[in-house]
Amino acid sequence: MRLSVPGPRSLAGQLFAMQAVLIAVVVAGYALFSYVSDRSQAEEAATRQARAVARSVADSPSVLAATRTADPSAELQPYALKVMRDTEVDFITIMDPRGIRWTHPDPRQIGQTFQGHTELALRGRTFTETYTGTLGPSVRAVTPIQDGPRVVGLVSAGIRVEEITQRVQDQLTALLGVAAGALVLGAVGTYVINARLRRHTHGMNAAELSRMHDYHQAALHAVREGLLMLDAQYRVALINDGGRELLGVAGDVVGRSVAELGLPAPLTGALLASEPRVDEVHLTASRVLVINTSPVSGGERRGTVVTLRDVTELQSLMGELDSERGFTQALRSQAHEAANRLHTVVSLIELGRAEEAVEFATAELELAQALTDQVVAAVSEPVLAALLLGKTAQANERGVELMVSEESSLDDGLLPESLPARDLVTILGNLIDNAVDAAQGSVRARVTVAAYTRTSDDTPELVLRVSDTGPGVDPEHAEAVFQRGFSTKPAGPGGRGLGLALVRQTSQRHGGSLTVAEADGGGAEFEVRLPLREPETVAGGVPSGAPAARGAGGDA
């Protein structure tokens, strides 16, 4: 025969059993206490009753008169029986000073000697005692019948202990009924409460809950992604280490509202939204984050679970990929143009016009070399020079002329290590892409780029300025244009409104500024100023060399 060992009970079951036992113990203890107390009170009440009846009989003038007759029993026996019925005592015995009974509930006991103590009564005192007589154990009172100072008789009134016990048992029966009702009511209430608890704990016992809590804590601190849990009032209920790092919050934030964390307004709005958010891109002071929000509900809204992923490096790679795609398209277009020009040269040679063929080919080479010389002369920093050459080809492909202004002058090796070239690509690349988008389709579409250094307030700074011939920026949108998600153009598959937000993020991380104004010939002019120094920290407390969101592709 196989024996099955029962598993540990659920937490709700354990609490139910404990509460049921506790209620039973309390009720049983109360019943026992009540029984002892009621018995003591019943005995005390019986004693007072017996004493009062005995004194009333002894003080009766008819009783005193009967004691003087030749046959006291003839008058006293009927009187004693009547008083017994009226006062509900078990016996009233009237006797002479020697203890010879004149009355008794059992007529056969009349004339017999009283069983009990009479010494104190013979001395004129009333006393009570518990004594076993002819009717069994009883609580009795014995008092003298006095004719002046002389004791002429004794009266004993008593209630059997059995009768007292019966009275207590009747009370105990009622008490047990009430106790049983209380036990049942308590058990039902406990069952209902624990059934609710069982639903909340999913039937798990204390060990399982403790184990799950340990796993929960380990998982929270192990995952690199950020996890944020908000309650129904959008207060922080839980945040893991990854969430603190990605949001840039420190200290005890549990219990604080999301609006008090100092996060960017778009990100705060997304966290406070009641509807779910899926793979939304948001910017903080130094990171590009993808957030997902999901409401927690169980018949009612209980809070929100927020996951955070750092896609700063991914955004950088996507920007570089966009640049490579643009370069590829430009090279494909140039290859097509080069093929046309090569066919022209070959045709001129076949026609015997060799000198004209050489002149045509040389002019094309000189034009390309002149463009390269112009860019390199103005900006000798290799990464920015390569970016400008590539963007020039892309702009030409889209019918926009990209020019480097004469005031541009940026020597190689001038930039400090705290200002990596990739961050400059993020800034300048996004500004150029945004300007080309704006200028495309305008009359004499042109984008002008200026890059130079100057000293302002004894601090050297790098100035990057990009202007276009597009429609410009409405002054009412001069600030909103830098917010993530703002765009005056239709949104594509990947969304818009990230480019200028990345430019501002990168500029502020290096302690710089980004402004927009109207260009001289119309259109918009964006200017970035970056200090050329080694700052210890910048706004937000982020080191200047911290990873940045990079990418050359973007738009406002």
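In strand S4 (residues 150–160), Ile159 is the bridge partner of Val139, where strands are DSSP runs of E of at least two residues and helices are runs of H or I of at least four, numbered from the N terminus. The model is predicted, so that local features need pLDDT of at least 70 and side-chain atom pairs count only at pLDDT 80 or more, whereas totals for chains, interfaces and linings use all residues. Residues are numbered from 1 along each chain as its sequence is written, and side-chain values use heavy atoms, with hydrogens and water left out.

Strands S3 and S4 pair in the antiparallel sense over 10 bridges, pairing being assigned if DSSP finds at least two bridges between two strands. The two strands form a hairpin with 2 residues between them, and Gly148 in the turn has a positive phi of about 70°. Strand S3 (residues 136–147) has 9 of its 12 residues buried, and is therefore largely enclosed by the rest of the structure; buried means under 20% relative accessible area, exposed over 50%, and partly exposed in between, for a 1.4 Å probe and protein chains only. Strand S2 (residues 127–133) also pairs with S3 in the antiparallel sense, over 7 bridges, with Phe127 bridged to Val142 in S3.

In helix H3 (residues 72–87), the buried residues are Pro72, Ser73, Leu76, Gln77, Ala80, Val83 and Met84. These residues cover an arc of only 140° around the axis, which puts them on the same side of H3, the arc being that of the directions from the helix axis to the C-beta atoms. Arg85 and Asp86, on the other side of H3, are exposed.

Note on methods:
Expected span 1.5 Å × (residues − 1).
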